[in-house]
Amino acid sequence: MSERRRNVYFFHNKSSDMLEKVHPLYELAERYGFVKVNDHHQANIIVSVGGDGSFLQAVRKTGFREDCLYAGISTTGNLNMYCDFSINDTSKLIEAMTHEQIEVRKYPTIEVSLDRQPSFYCLNELSLRSSIIKTFVIDVFIDQLHFETFRGDGMIVSTPTGSTAYSKSVSGAVVDPMLPCFQVSELASLNNNTYRTLGSPFILSGNRKLTLKIVQDGNDYPTIGMDNEALSVRHIKEIHIKLSEKKIKTVKLRDNSFWEKVKRTFL
């Protein structure tokens, strides 16, 4: 790995148990010429230690940086969708450091704006759910086309990599991250003689723009999920979503592609 990529920031919780686990990683990094930094702004590599949730938090808390590489180290004993290395098997880490067996993959993100306020980003998905026991009514627009009026518990808008997470649990498709697109899935939609929606997930090109207009009928207290964080908001009227030009660079081994991860995780 080139010298300009030697500054490493480790992202993990600060429990005594975790600190004991990561200390050997600090020593390993120093042994192979990496510099551990305490400020993620100074890092060229950001390493999350934990699971996929830790990886998502690492990306979010460090500002979805495009000028560095992200890597995930699993502490669960199993490799995950975002974790290419295991803390219990440092041999692959050493091999990657010393034999340049690292490849870089670029994962797409979606850009979200609430009532045209400053945008934020999601690597996995945006979820919109009712926070009370009452259905949402949402007018769904694709570009300028009014596509449907949704009535139900909520909606999920996922990236290709996020298609293996919440979206998959509601029968969404698993989408190759090399495709510039995003997926929309319904949560418990009402479909009867009075109300009608598509009733199945659909995939939009990265050139499309999705607008969700929440009908103000008394249920205007949505819970908005951003990857693995949640935000409760009031009186949101419009949510604008599009595929972002911002991409997350992740470090992976050459024998651990997205589809190899899918096979390992689900089959």
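Here are some friendly notes on this structure, point by point.

1. **Ground rules.** This is a predicted model, in which local features need pLDDT of at least 70 and side-chain atom pairs count only at pLDDT 80 or more, while totals for chains, interfaces and linings use all residues. Residues are numbered from 1 along each chain as its sequence is written, and side-chain values use heavy atoms, with hydrogens and water left out.

2. **Salt bridges overall.** The structure holds eight salt bridges, each defined as a side-chain nitrogen of Lys or Arg within 4 Å of a carboxyl oxygen of Asp or Glu.

3. Lys21 and Asp17 form a salt bridge, with an N to O distance of 3.6 Å. Both residues sit in helix α1 (residues 16-31), four residues apart, or about one turn of the helix. Helices here are DSSP runs of H or I with at least four residues, strands are runs of E with at least two, and both are numbered from the N terminus. Lys21 is partly exposed at 33% relative accessibility, and Asp17 is also partly exposed, at 44%. On this scale, buried means under 20% relative accessible area, exposed means over 50%, and partly exposed lies in between (1.4 Å probe, protein chains only).

4. **A bridge across the sequence.** The side chains of Arg60 and Asp227 meet in a salt bridge at 3.1 Å, N to O. Arg60 belongs to helix α2 (residues 52-61) and Asp227 to the loop between β15 (222-226) and β16 (229-232), so this pair ties together parts that are 167 residues apart in sequence. Arg60 and Asp227 are both buried. Just after α2, Gly63 has a positive phi of about 85°.

5. **A bridge with unlike partners.** Arg65 makes a salt bridge with Asp67, and their closest N and O atoms are 2.8 Å apart. Arg65 is buried at 11% relative accessibility, whereas Asp67 is exposed at 56%.

6. **Paired strands.** Strand β14 (residues 209-214) is joined to strand β9 (residues 136-142) by five bridges, and the two run antiparallel. Strands count as paired if DSSP finds at least two bridges between them. In this pairing, Asp139 stands opposite Lys213 in β14. β14 also pairs with strand β17 (residues 238-253), again in the antiparallel sense and over five bridges. There, Lys209 stands opposite Lys242 in β17.

7. **Phe141.** This residue lies in strand β9 and is buried at 16% relative accessibility. Leaving aside neighbours within four places in sequence, Phe141 is in contact (heavy atoms within 4.5 Å) with His146, Phe147, Lys209, Leu210, Thr211 and Lys213. Phe141 and Tyr195 are 54 residues apart in sequence, and their C-alpha atoms are 17 Å apart in space.

8. Phe147, one of the contacts of Phe141, sits in strand β10 (residues 145-152) and is partly exposed, with a relative accessible area of 33%. Together with Leu145 and Leu198, Phe147 forms a nonpolar surface patch of about 270 Å² accessible area. Patches are made of residues with over 30% relative accessible area and no salt bridge, where like charges are joined within 9 Å and nonpolar side chains (Val, Leu, Ile, Met, Phe, Trp, Tyr) within 5 Å. The areas come from the Shrake-Rupley method with a 1.4 Å probe, and for residues only the protein chains shown count as cover.

9. **Thr197.** This residue is found in the loop between β12 (181-187) and β13 (202-205), and is buried with a relative accessible area of 8%. Beyond its neighbours within four places in sequence, Thr197 has contacts that include Glu148, Thr149, Phe150 and Arg151, as well as Glu186 and Ser189.

10. **Cysteines.** A search of the whole structure finds zero disulfides, a disulfide being a pair of cysteine sulfur atoms within 2.5 Å. For Cys68, the closest cysteine sulfur is in Cys83, 16 Å away and too far for a bond. For Cys181, the closest is in Cys122, also 16 Å away and too far for a bond. Cys68 is buried at 2% relative accessibility, and Cys181 is buried at 7%.
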